[in-house]
Amino acid sequence: MLLPTARPACFGLALQIKRPSTVLKHFRRFATVEANTPRAAPTPSRRRATSVSHDRATFTIRDGPVFNGKSFGAKSNISGEAVFTTSLVGYPESLTDPSYRGQILVFTQPLIGNYGIPSTARDENGLLRYFESPNLQAAGVVVADVAEQYSHWTAVKSLGEWCAEEGVPAVSGVDTRAIVTFLREQGSSLARITIGEEYDADQDEAFVDPEQINLVSKVSTKAPFHVSSSTGDFHVAVIDCGVKENILRSLVGRGASVTCFPYDYPIHKVAHHFDGVFISNGPGDPTHCQDTVYHLRRLMESSQIPIMGICLGHQLLALASGARTIKLKYGNRAHNIPALDLTTGRCHITSQNHGYAVDTTTLSPDWKEYFVNLNDSSNEGIIHKSRPIFGTQFHPEARGGPLDSSYLFDTYLESVGRYKRSQAVFQPKRDPRPSPLLVDLLAKERVGVVPTTGMENLMRMGGAGEEAARAA
């Protein structure tokens with residue numbers, strides 16, 4: 001059972017509920033996967049769902065070229081940061097990755113959509129089987145050619161139908177080679193998708209920079225939620241900065257029940273109830289998450305608990321240790337990026353999606369570089385020299401991509417096991433397993449997360465720009 005000290009509001013609620021002692025005797029001793037209710041996707045009430053539009057479409061890069069194509073998604077005008085991915089497959093996973101929030105995703109693969117969009121089926125843990133979050137997260141989609149006829153045993157709709165349902169505009173028939181060449185030479189740039197209208201240079205002021213917005217606050221749960229594991233007795237606290245479903249699956253499948261907290265939750269106040277702390281991926285500039293950085297710093301000062309971070313979580317871990325982060329020219333977004341393990345000399349092919357990186361020249365003496373990118377020599381991981389704390393810039397859980405580095409979850413949970421055993425020696429009565437009552441009370445899905453509508457619909461926004469986007 002969780003101790004009554006330093007508990008979040010929902011913990012207090014659990015302890016305030018009065019039950020007859022005769023009923024309490026029949027409560028389940030351990031939390032099990034049967035306690036999970038289906039992780040239903042939220043109703044897209046704020047989505048601007050439309051029928052599939054086949055109108056003229058314009059993709060405009062600010063201070064750059066204008067590309068004319070054809071719409072195959074929602075009839076909606078949006079603005080965001082244009083980035084590109086060289087991934088050959090996995091577009092349903094990429095487009096539902098919360099790390100793409102506020103970005104217009106350009107695919108270098110010439111043909112996208114040929115295997116359609118799968119169903120919202122769940123696995124035995126109640127997690128989405130084919131998506132990384134319940135909704136399409138990218139602000140817009142740009143492809144050279146879209147397959148309107150799809151074929152796959154899991155498919156239930158086309159890419160265009162999905163984009164229209166989610167209120168996300170999509171453009172085909174443009175030269176993605178020219179787009180990527182520009183983005184590589186000039187760096188990731190602000191861009192706009194306009195459906196059914198001519199390009200107007202006077203509207204350039206309507207471009208919105210998502211990097212000026214705390215995107216993590218848009219994708220993080222607003223209250224704790226829980227996913228149980230039936231295969232082990234670890235209990236891990238996850239700081240949800242936009243956590244992917246497969247990160248949760250990778251933990252739960254290895255025997256760790258997870259309780260996910262909002263990104264700015266004071267995790268150092270409740271860490272003693274858990275066996276480990278995990279910091280998830282997420283979108284945008286890590287320096288917007290100053291509360292998270294402060295809480296992590298306090299956690300590392302007050303506890304020896306194992307900590308692991310992925311992507312944005314890795315960057316936040318570095319900031320909490322005193323290091324700095326830098327923005328890359330065009331980032332790394334692909335499924336085939338080589339990362340060298342500096343502790344073993346082995347190279348792993350990794351899945352990546354990030355626009356920022358840790359500046360290893362600013363690491364304190366207690367930390368060292370763990371992985372390095374063999375393409376551009378940017379940092380891919382850091383590790384504490386004496387404590388069970390590390391982070392990776394790449395995604396060991398993949399989805400999509402290779403599973404070369406999935407062993408890192410095993411490494412993390414091995415340290416969680418050692419910590420749990422050491423705590424049992426000093427605190428024999430300590431029981432971090434989640435209370436069955438708590439499991440029943442907590443949500444099983446992100447709470448209060450609203451689907452994206454790009455960085456605001458430009459037809460409504462007009463020239464209001466950033467102020468309207470921040471208010472959304």
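Predicted model: local features only at pLDDT ≥ 70, side-chain atom pairs only at ≥ 80, totals over all residues.
Reader: What should I understand by a cavity?

Author: A cavity is a set of points where a 1.4 Å probe fits but cannot get out.

Reader: How many residues line the largest cavity, and which lie nearest its centre?

Author: Its lining is made up of 18 residues, and those nearest the centre are Gly282, Pro283, Gly284, His354 and Gly355. Two or more lining residues come from each of the elements α9 (312–320), β17 (324–341) and β18 (347–359). Strand β18 gives the largest share, four residues.

Reader: How is the lining of the largest cavity divided by class?

Author: There are five nonpolar, eight polar and five charged residues in this lining.

Reader: Which residues lie nearest the centre of the second largest cavity?

Author: They are Ser94, Asp97, His335, Ser351 and Asn353, out of 17 residues that line the second largest cavity. At least two lining residues are supplied by each of α3 (91–95), β17 and β18. By class, the lining of the second largest cavity has three nonpolar, nine polar and five charged residues.

Reader: In what sense do β2 and β10 pair?

Author: Two strands are said to pair if at least two bridges are found between them. Strand β2 (residues 66–71) and strand β10 (residues 170–172) have two bridges and pair in the antiparallel sense. Within this region, Lys70 stands opposite Ser172 in β10.

Reader: How many helices and strands does the protein have?

Author: The secondary structure comes to 13 helices and 21 strands.

Reader: What share of the residues counts as buried?

Author: A residue is buried when its relative accessible area is under 20%. Of the 472 residues of the protein, 61% count as buried. As for contacts between residues at least 6 apart in sequence, 76% join residues at least 24 apart.

Terms used. Residues numbered from 1 in each chain as written. Heavy atoms only, no water. 1 Å grid on protein atoms, 1.4 Å probe; cavity = no way out; pocket = protein on both sides within 12 Å on 5 of 7 lines; lining within 4 Å. Nonpolar A, V, L, I, M, F, W, Y, C, P; charged D, E, K, R; others polar. Buried < 20%, exposed > 50% of the residue type's maximum accessible area, 1.4 Å probe, protein only. Contact = heavy atoms within 4.5 Å.
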